[in-house]
Amino acid sequence: MLSLSLSLSLSLSISFLMDSLALFCTGALLAGGLYWFVCVLGPAEQKGKRAVHLSGGSISAEKVQDNYKQYWSFFRRPKEIETAEKVPDFVDTFYNLVTDIYEWGWGQSFHFSPSISGKSHRYSTRVHEEMAVDLINVKPGDRILDVGCGVGGPMRAIAAHSRAKVVGITINEYQVNRARLHNKKAGLDSLCEVVCGNFLEMPFQDNSFDGAYSIEATCHAPKLEEVYAEVFRVLKPGSLYVSYEWVTTDNYRADNPEHVEIIQGIERGDALPGLRSYLDIAETAKKVGFEVVKEKDLAKPPALPWWTRLKMGRIAYWRNHILVTVLAAIGIAPKGTVDVHEMLFKTADYLTRGGDSGIFSPMHMILLRKPEVPPSKS
């Protein structure tokens, strides 16, 4: 009887230990899975932002949802979007809402680039950025302008590649702080300076830059002529300016309802007062005094599709969307973050359709020179 009792007691102890071990292993597996889901998969390519740190930029957490609604209210008053005095608030609100999500889910370079066979997206992005500074022929130590610098991904790549001193301007104060943080971490703060300001009214002296570039940024200007005139003003005579412009291509048909839907979807999801035709770019540049050196749509064959990354990112989107939903539900991410993330996914679909159909390009390149002698005003 004693033997039976001891055996039963030993059996129960072993069972308890096994249950405890199973429970511990299950807990460890769940904890490990959560860590992998949030911290390993969560960071952007450049390790700049983690999912648990998503915010509304300079907007306080409790006001993110209200500002999201305010952003969409701009589209109920389309004429106001087209006025210069309204655009700064419109664009600033947009980048407060999306900067953390962009940085977390895309990286520190808020633009597209043609895919390069056998190479990573990060490599393709860097090549696209370095090409911009190579086109404007700057030397180490030259002072160049980044028109619409975001959190400074291109700025850092260009400074490291050219050793030029890059001054970036962005209208969003939160992006200024993020850019300065990244510049310091990269050890490039001696070459990279960031200024908070409106590129329609830049706080720089005339003839003060040796070159300038803008990468998918001037699409936010209500009138391209105004930002080009400002770039022209601050460039030294003889200096070059290159811009990658968002445009509708020669395949776009304004009488095609599907084409119109795609373009309007891109405009709504990217804070654009209105996409321009590729035909308008050179004419606008000439109007403010620039000489057109070269013009080319970098998205056209033999370039590989720039939208491949958007297609490949669909699984990542659903993973990220679940994560954002959970973080918002438990109060870590601000309310409204889920709405912003969903908006960006829908926009990605419109961008993909724009690329597939060939009616939209985010990289219509134009290389311009400010004449040595200003054109006479006759």
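Which residues in H5 meet which residues in H6? In this predicted model, the H5 side of the contact is formed by Arg126, Glu129, Glu130, Val133 and Asp134, and these meet Gly153, Pro154, Ala157, Ile158, His161 and Ser162 in H6. By class, the contact of H5 with H6 comprises 4 nonpolar, 3 polar and 4 charged residues.

The geometry of this pair was then examined. Helix H5 covers residues 121-135 and helix H6 covers residues 153-162. The two helices pack at an angle of about 60°, and their axes lie 9 Å apart. H5 is therefore oblique to H6, since angles of 65 to 115 degrees would count as roughly perpendicular and those under 35 degrees as roughly parallel. The crossing of H5 and H6 is right-handed.

H5 was also considered on its own. Buried positions in H5 are Ser124, Thr125, His128, Glu129, Glu130, Ala132, Val133 and Leu135. Among them, Glu129, Glu130 and Val133 also take part in the contact with H6. Just after H5, asparagine 137 adopts a positive phi of about 55°.

Of the 378 residues in the chain, 51% are buried. Among contacts in the chain with a separation of 6 or more, 79% are accounted for by residues 24 or more positions apart.

Technical notes. Residues are numbered from 1 along each chain as its sequence is written. This is a predicted model: local features need pLDDT of at least 70, side-chain atom pairs count only at pLDDT 80 or more; totals for chains, interfaces and linings use all residues. Side-chain values use heavy atoms; hydrogens and water are left out. Axes are lines fitted to C-alpha atoms, for helices over the stretch in contact, and angles run from 0 to 180 degrees between N-to-C directions. Helices (H or I, at least four residues) and strands (E, at least two) are DSSP runs, numbered from the N terminus. Angles under 35 degrees count as roughly parallel, over 145 as roughly antiparallel, 65 to 115 as roughly perpendicular and the rest as oblique. A crossing is left-handed if the near helix is turned anticlockwise from the far one by less than a right angle, and right-handed if clockwise. Contact means heavy atoms within 4.5 Å. Ala, Val, Leu, Ile, Met, Phe, Trp, Tyr, Cys and Pro count as nonpolar, Asp, Glu, Lys and Arg as charged, and the others, Gly among them, as polar. Buried means under 20% relative accessible area, exposed over 50%, partly exposed in between (1.4 Å probe, protein chains only).
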